[in-house]
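Here is a short briefing to read alongside the model. Have the sequence and the fold open as you go.

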Amino acid sequence: MILLNCSTKLQMLEQMLKSNFPESLKVYGAVMNMNRGNPFQKEVVVDSWPDFKTVITRRKKEAMTDDLDIYTNAYAVFYKDSRAYRKLLEEPDVINWEQVFQIQGLQDELYAISKAVANSKQLDVNVTSFRAVEFPPFPMPDAKSRVMSSPQLSYLSVAEADLLNRTWSRGGNEQCHRYLANLIYCFPSVCVRDENGKPVSWGLTDQFATMIHGYTLPEHRRKGYSRLVAVTLARKLQSRGFPSQGNVLDDNIASITLLKNLNASFLPCRFHRLILTPRNFSA
């Protein structure tokens, strides 16, 4: 295991990962954020340097203080050799197996390899698979022309994390509230506000530079707000040099239709999110 903590090497890694799109997108987004201030306190582990076969990004250990924080305790993985990934996973001090955590990646063997190692360490593994998407570069469709009224575009404030925590299907707990507040503070967001200044539609960016948690309050749907938020957030990321990428469940027909209308590309690889839970927590 090699911990890359040299800024020059991290810049080199960012460029190297570009040649492995789209499978390296999650790791690439995390490394980009690290090279631009590292607001989420990430670090990178590789099996070797510079001819790496596996890259894992993780939160710095001093920042992973809550063993139940499944949102913050997150790893992104990219490998060129699945055997190298398993070998690195089995090394001590790469993963904190005593916590509930998640592993993210865009490679099909990720689940089987991670599950095999996790089973040997008495952890349960659940996986959710998504369609991975990427928005086209500029110019993009003019979203404002589709909106039925004149919306007030803005960005989210940390004080509005409670609203997001209550409306997110994966939320509703203290850890999620803290995580969302941290994302709002650290990364770009976009929202549409009503005449009273309250958010009615929004989208966030996470620590892997992924567009997430796109949501419109039910009473404000079918007004073009989701389209406006998605396009505005994608443009904001692209203006900063980031890829504008996201994930969508196969049965989310409304979002898939919206993405197709925006000419988003559905990537050949799928996004996999693994939730790993020590069995003492499961019990």
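Let us start at a loop: Pro50 sits between strand E2 (42–46) and strand E3 (54–59), where strands (E, at least two residues) and helices (H or I, at least four residues) are DSSP runs numbered from the N terminus. This is a predicted model, in which local features need pLDDT of at least 70 and side-chain atom pairs count only at pLDDT 80 or more, while totals for chains, interfaces and linings use all residues. Residues are numbered from 1 along each chain as its sequence is written, and side-chain values use heavy atoms, with hydrogens and water left out.

**Backbone details in loops**

- The peptide bond that joins Trp49 and Pro50 is cis, with omega about 0°.
- Another cis peptide bond, also with omega about 0°, joins Phe21 and Pro22; Pro22 lies in the loop between H1 and H2.
- Ala209 has a positive phi, near 60°, although the residue is not a glycine.
- You will find Ala209 in the loop between strand E9 (199–205) and strand E10 (210–216).

**How H1 meets H2**

- Helix H1 (residues 7–18) packs against helix H2 (residues 25–34) at about 150°, and their axes are 9 Å apart.
- That angle makes H1 roughly antiparallel to H2, a label for angles over 145 degrees; axes are lines fitted to C-alpha atoms over the stretch in contact, and angles run from 0 to 180 degrees between N-to-C directions.
- H1 passes H2 in a left-handed crossing (the near helix is turned anticlockwise from the far one by less than a right angle).
- From H1, the contact (heavy atoms within 4.5 Å) is made by Leu10, Leu13, Glu14, Leu17 and Lys18, and from H2 by Val27, Tyr28, Val31, Met32 and Met34.
- By class, this contact of H1 with H2 has eight nonpolar residues, two charged and no polar ones (Ala, Val, Leu, Ile, Met, Phe, Trp, Tyr, Cys and Pro count as nonpolar, Asp, Glu, Lys and Arg as charged, and the others, Gly among them, as polar).

**Domains and annotation**

- The domain assignment gives domain 1 (2–130 + 271–281) and domain 2 (152–263), with bounds from an automatic or database assignment.
- Taken over C-alpha atoms, the centres of domain 1 and domain 2 are 24 Å apart.
- Between them, 28 residues of domain 1 are in contact with 25 residues of domain 2.
- An unreviewed UniProt entry annotates residues 190–278 as "domain: Glycine N-acyltransferase C-terminal"; such annotations may be inferred rather than shown by experiment, with positions in the numbering used here and feature names shortened.
- Residues 190–278 are 27% helix and 40% strand, and the end C-alpha atoms of this span lie 36 Å apart.

Key: Angles under 35 degrees count as roughly parallel, over 145 as roughly antiparallel, 65 to 115 as roughly perpendicular and the rest as oblique.
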